[in-house]
2 protein chains.
Amino acid sequence: MAAANVRDVAALAGVSVGTVSNVLNQSKRVAPETARRVHDAIDKLGFIRNDAARQLRVGQSRTVGIMVLDVSNPFFTDIARGAEDALSQHGRSLILGNSGEDSARELSYLDLFEEQRVSGLLITPVGNVLSRLERLRDRGSPVVLVDRHENARTFSSVSVDDQRGGQLAVEHLLDVGRTKLAFVGGPKAVLQVADRSRGARDAISERGARPIRMVELDTMRADAGRVGAEQLLALAPADRPDAVFAANDLIALGVLQALTHAGVRVPDDIAIIGYDDIYFAANAAIPITSIRQPAWEMGRTATELLMAEIADPGLRDYRHVVFQPELVVRASTVSPG
Amino acid sequence: MAAANVRDVAALAGVSVGTVSNVLNQSKRVAPETARRVHDAIDKLGFIRNDAARQLRVGQSRTVGIMVLDVSNPFFTDIARGAEDALSQHGRSLILGNSGEDSARELSYLDLFEEQRVSGLLITPVGNVLSRLERLRDRGSPVVLVDRHENARTFSSVSVDDQRGGQLAVEHLLDVGRTKLAFVGGPKAVLQVADRSRGARDAISERGARPIRMVELDTMRADAGRVGAEQLLALAPADRPDAVFAANDLIALGVLQALTHAGVRVPDDIAIIGYDDIYFAANAAIPITSIRQPAWEMGRTATELLMAEIADPGLRDYRHVVFQPELVVRASTVSPG
DNA sequence: GACCCAAATTTAAACGATTCACTTTCAAAC
DNA sequence: GTTTGAAAGTGAATCGTTTAAATTTGGGTC
């Protein structure tokens, strides 16, 4: 009981395989009556097109890959949903890979995407994979960088002005009267983290404020945030900051959790500001002030850029869409009183 | 500059294509020196195996599909991570589809998975897709149901005893002295919702408590929870419940948000219990009591069941792993005092 | 009735890896 | 010195679809 193929369908419908293919792909005019017969045969046999064969012949897959830093972070799943929504309008589908901030896993997914000849790739890179991405592009799979402003200008990109975001965050903390700030953030190698902390330092020096204490973390997850907070708690009381700028909301949640657990009052003793404005930050034990990034729109826009490149493979006119971050003030930085 | 293929590699290495394939697949003994030459050629040409061709010949993909109800729900991404971790040990990769509780989207992903001849599928079904799944299995792609206890016993499954979970939730609410309960939950058609509410009603009648009010929602997302809460707020004060059992934590968060916004005190006026025990429920404005499901382990276990079926295609001995739910008490049901 | 044209359909050649039946090689055994 | 057999390597056939060139069909025109 082997699965039916185009030949079986053609035989049952009394046409040639070419006609079946034409019906399948609407690539050529087929008489309505013939098309009906072919569809009947397809239904009767339960024929499902073998995508591997199609792909081998055509040279490209109809799916687009997306690689995110962390599927557990709602910011990235929102991006993925934006991309998925946009893609389904183009009749393509999305396959999602999760690098989990792990460079080895990232490479192994890149292998997969490359072997699969995906028609395009959206990626927030972890490791140093630019040359891999260039190869991918040169082989016909355009790449759009997400949440990363690429200086080299060899790829289209969608990003948020993270430096400005960092500035906004620190300015807000200074505005509400905080003086001893700390930045708690993921590996410095992650560009977003670097940009946000640079913006923070810019704002500090612009305002002539006291230097910001840097606490570096291994990852951008909540558990790392707890570790970072514990480092702050271990400081002599005089050194302890009165405000924390967390590199993202998950870290902010971890910091909040650790501080609250240690009996520190938020925001009275220490204020907290996060980044991303995920749903759960707004609904945290103490609603967290954050820098909003338009995740869904970023996913959608990245997809549109990608589709433009897919449609016009010769295109060398890389576009860079930069969204502006937005401050959302909540209880973690301002006392309700 | 067409991409290199096995023939090019073979030519450069001075061997036949068969030997290249043997090196690629470790399927036959190849002399170390020959293997080295082949690898050198691969590196020099930047050869990337064309997976479509491989798949066409072999008849099956090396990837496993997973279809989740909602990528925005951390419960499902935790399952996916469990699956991914387990799969990577078997040298396979995962492609993730998001049905978003939408039956049409579910079907379109099933088409994709079927066309791709995935080597297996993990799925939490939305619509009535059992016959589709049977076809998939009969064509050589085993299917394991996730978070769904299948009576028909035609698939292996991993699930949680949701009826027991519903019972636990209601018993807890009664134990802390609540008498007027409400169940706020997603579409009744979703099996998990049905089981949880049945368990709730069982506990009610067992204890001889007052009947539980049912509030039915369209989805299992937080916004639906807010809508549900508003229905409760619209009730005459005498009818208003003093405890809410939400079908999952996202709904519980929505309910919490709407109640708090309306000035209702949680848990004093109304207690809330959720389901899943996602990270963000534990860290909500008022930490939410929940029924824990071991998501990561479920993903891992489902994968193991799937791998067993893949390894032994004749297997008709479907296994059903049922995890036990666990009550986790937090502030949303018991006053700190 | 010969001719032309467009529409509909057919046919056969790809696409690139894997596989399996078949050589070749070479050392050990008699 | 012949035989044997395991190890290493070869190469043609194959998987199922798409596609482009070729062919058929059937009016419409003169």
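By a nonpolar core I mean a set of buried Ala, Val, Leu, Ile, Met, Phe, Trp, Tyr and Cys residues joined through side-chain atoms within 4.5 Å. The model before you is a predicted one. In its largest nonpolar core there are 181 residues, and A:L133 and B:L133 touch the most other members. Setting aside residues up to four places away in sequence, A:L133 touches A:L110, A:L121, A:I123, A:V143, A:L145 and A:F155.

I turn now to the interface. The size of an interface is often given as the accessible area lost when the parts come together. Here, chain B and chain A bury about 4,100 Å² between them, with 52% of it on carbon and sulfur atoms. On chain B's side, B:I48, B:E115 and B:F280 supply 16% of the area buried against chain A, more than any other three residues. Each chain is represented in the contact by 48 residues.

The polar side of this interface also deserves attention. Between chain B and chain A the count is 24 residue pairs in polar contact, both residues being at pLDDT 80 or more. Which element supplies the largest share of the side of chain B that touches chain A? It is α5(B), with six residues. By class, that side of chain B has 22 nonpolar, 12 polar and 14 charged residues.

Next, the salt bridges. The structure holds 44 of them over all chains, and eight are counted between chain B and chain A. One joins the side chains of B:R49 and A:E115, at 3.3 Å from N to O. Another pairs A:R105 with B:E84, the closest N and O atoms being 3.5 Å apart. This pair crosses between chains, from helix α6 of chain A to helix α5 of chain B. Is B:E84 buried or exposed? B:E84 counts as buried because its relative accessibility is 8%, whereas A:R105, at 25%, counts as partly exposed.

Within chain A, A:R135 forms a salt bridge with A:E114, the closest N and O atoms being 2.8 Å apart. The pair links distant parts of the chain, with A:R135 in helix α7 and A:E114 in helix α6, 21 residues apart. A:E114 is buried at 2% relative accessibility, while A:R135 is partly exposed at 26%.

Finally, a network of salt bridges links A:R49, A:D51, A:R54, A:R62 and B:E115. A:R62 is also among the contacts of A:S93, which include B:L112. A:S93 itself lies in strand β2 of chain A and is buried, at 17% relative accessible area. Thank you.

Definitions and conventions. Residues are numbered from 1 along each chain as its sequence is written. Chains are lettered from A and ligands numbered from 1 in the order in which they are written. This is a predicted model: local features need pLDDT of at least 70, side-chain atom pairs count only at pLDDT 80 or more; totals for chains, interfaces and linings use all residues. Side-chain values use heavy atoms; hydrogens and water are left out. Buried means under 20% relative accessible area, exposed over 50%, partly exposed in between (1.4 Å probe, protein chains only). Contact means heavy atoms within 4.5 Å. Buried area is the accessible area (1.4 Å probe) that two parts lose on being put together, summed over both. A salt bridge is a side-chain nitrogen of Lys or Arg within 4 Å of a carboxyl oxygen of Asp or Glu. A polar contact is a pair of N or O atoms within 3.5 Å; within protein, one must be able to donate a hydrogen and the other to accept it, and residues adjacent in sequence count only if both atoms are side-chain atoms. Helices (H or I, at least four residues) and strands (E, at least two) are DSSP runs, numbered from the N terminus. Ala, Val, Leu, Ile, Met, Phe, Trp, Tyr, Cys and Pro count as nonpolar, Asp, Glu, Lys and Arg as charged, and the others, Gly among them, as polar.
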